[in-house]
Amino acid sequence: MATTTVTRAGSGAWVKIAFAMFAVGWGANQFSPMLIVYRHELRLGAGAVAGLFLVYALSLIPGLLIGGPASDRFGRRPVVLPFVVLSPLATLLLVLGPRSLALISAGRALAGLCSGVVFGSATAWVQELSHGTGQSARRAALALTAGFGLGPVVAAVLAQWAPDPLVLPYLPHLAIGVVAAILVWRAPEDAPSAARSAGEREPAAGPAGEREPARWPPAAVRTWRFWLAVAPASPMVFGSVALAIVVLPEDVTSARTLSAGFAGLMTALAFSAGVGVQPFARRLGNPLAGVVAGLCCAAAGAGVGVAAVAAADRVLAGIAAVLLGLAYGLCLVSGLRQAEQMAGPNQRGAVVACYYALAYLGFAAPYLAAGLGAVTSQAGAFGILAGIAVVIAAWTAGYGFRRGRTDRAPDPPVLCQAGTTGTRT
């Protein structure tokens with residue numbers, strides 16, 4: 001009887017995929033401080049700036065919903081590699097058309113598509129190469145956060161103090177993107193993906209030895225647990241950080257003093273806090289506790305944001321950015337842990353992609369803040385957002401408490417043979 005041996009990937013193989021996530025995250029978020037530069041250099045109005053920010057999200061979510069299931073079916077590398085290669089090409093469009101709104105929009109749309117496909121699929125790939133869900137969630141979150149944080153900081157520094165602020169800030173990503181493409185090309189597939197590429201079946205999953213059918217949406221996403229425990233807090237992941245790096249820099253400064261350097265500082269504060277708190281989030285026994293802690297940090301950060309905006313105080317804005325960054329790190333790692341724990345072995349990419357799609361809805365936070373600010377004031381908008389975070393935290397904590405009581409409750413007695421009673425095992 002013929003047998004096939006699949007070689008287990010080396011313990012450090014996940015680093016190559018994590019670097020690809022870092023590179024694509026760099027390319028995705030390097031644009032944030034550049035919005036201020038475009039506003040000045042191209043004399044753009046608020047609507048045009050909001051449109052440049054929105055076009056990224058409009059292509060990202062379809063990329064997530066397509067890329068994750070595709071990588072489950074066809075393997076991680078065939079899906080991830082082409083879009084890691086396209087990521088620096090998206091940046092190249094920004095370099096070639098620094099004053100063309102059409103090329104800038106095309107570059108941002110392509111960057112969003114690359115991010116969507118890579119983030120969900122590569123997160124599942126890191127998990128498979130890490131051979132441990134708790135550790136892999138932190139690794140994927142750390143790679144993503146590092147790219148999201150360093151990209152805009154470097155772009156902001158170059159835009160503020162280097163010549164040619166519409167071109168030079170993008171050059172570092174071109175080099176990083178090429179290195180990432182080379183690493184992914186040489187990265188190993190994990191055993192399940194390798195077996196798929198060889199035409200073999202994955203190991204049977206579940207006690208019955210039957211493999212879960214590849215339906216859409218994935219089985220985990222069709223559960224009440226996903227929608228009651230995971231989904232409500234998901235938008236707060238990127239919603240928190242969007243308030244810190246997009247809304248606060250503009251709300252605490254006047255139009256004359258808008259500065260790419262200050263936006264970069266706010267980005268550095270937020271993502272440094274997000275990176276620093278991730279080891280703590282991984283060590284929490286219950287991921288729901290990490291989510292609740294993150295939501296409390298989001299409420300506190302938005303609360304400080306009320307005072308920062310009302311007084312136009314940059315120091316308070318920095319404190320708010322740190323708290324919002326803590327919320328981002330806690331919610332991201334804890335949410336990924338829940339998604340990975342719920343995912344079946346052949347739908348891991350799809351479940352993680354659905355989680356990211358909900359998380360990226362948080363990038364609508366600047367528009368929500370603007371709408372609330374038009375009705376009340378910008379300080380009032382931050383107060384309302386703080387209240388929303390408190391409500392979601394209370395809901396999540398209540399769900400976790402009820403679920404914990406249900407898990408600890410003894411099973412009811414059941415009838416056994418000859419009229420005797422016993423307990424369910």
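Let me begin with R314, whose charged end sits over the ring of F262 at 4.7 Å from the ring centre, where sitting over a ring requires CZ of Arg or NZ of Lys within 6 Å of the centre and within 35 degrees of the ring normal. R402 likewise lies over the face of W395, 5.7 Å from the ring centre.

Please keep in mind that this is a predicted model, in which local features need pLDDT of at least 70 and side-chain atom pairs count only at pLDDT 80 or more, while totals for chains, interfaces and linings use all residues. Residues are numbered from 1 along each chain as its sequence is written, and side-chain values use heavy atoms, with hydrogens and water left out.

Now to the aromatic pairs, of which a search of the whole structure finds 15; ring centres must lie within 6.5 Å, with planes under 30 degrees apart called stacked, over 60 edge-to-face, and the rest tilted. F119 and F148 form an edge-to-face pair, 5.7 Å centre to centre with 90 degrees between the planes. Because F119 lies in helix 5 (residues 101-130) and F148 in helix 6 (residues 133-161), this pair ties together parts 29 residues apart in sequence, helices being DSSP runs of H or I with at least four residues, numbered from the N terminus. The rings of F119 and Y356 have centres 6.4 Å apart and planes at 50 degrees, so that pair is tilted.

F119 counts as buried because its relative accessibility is 0%, the limit for buried being under 20% relative accessible area with a 1.4 Å probe, protein chains only.

Terms used: Phe/Tyr/Trp six-rings, centres within 6.5 Å; stacked < 30°, edge-to-face > 60°. Helix = DSSP H or I, 4+ residues; strand = E, 2+ residues; numbered from the N terminus. Buried < 20%, exposed > 50% of the residue type's maximum accessible area, 1.4 Å probe, protein only.
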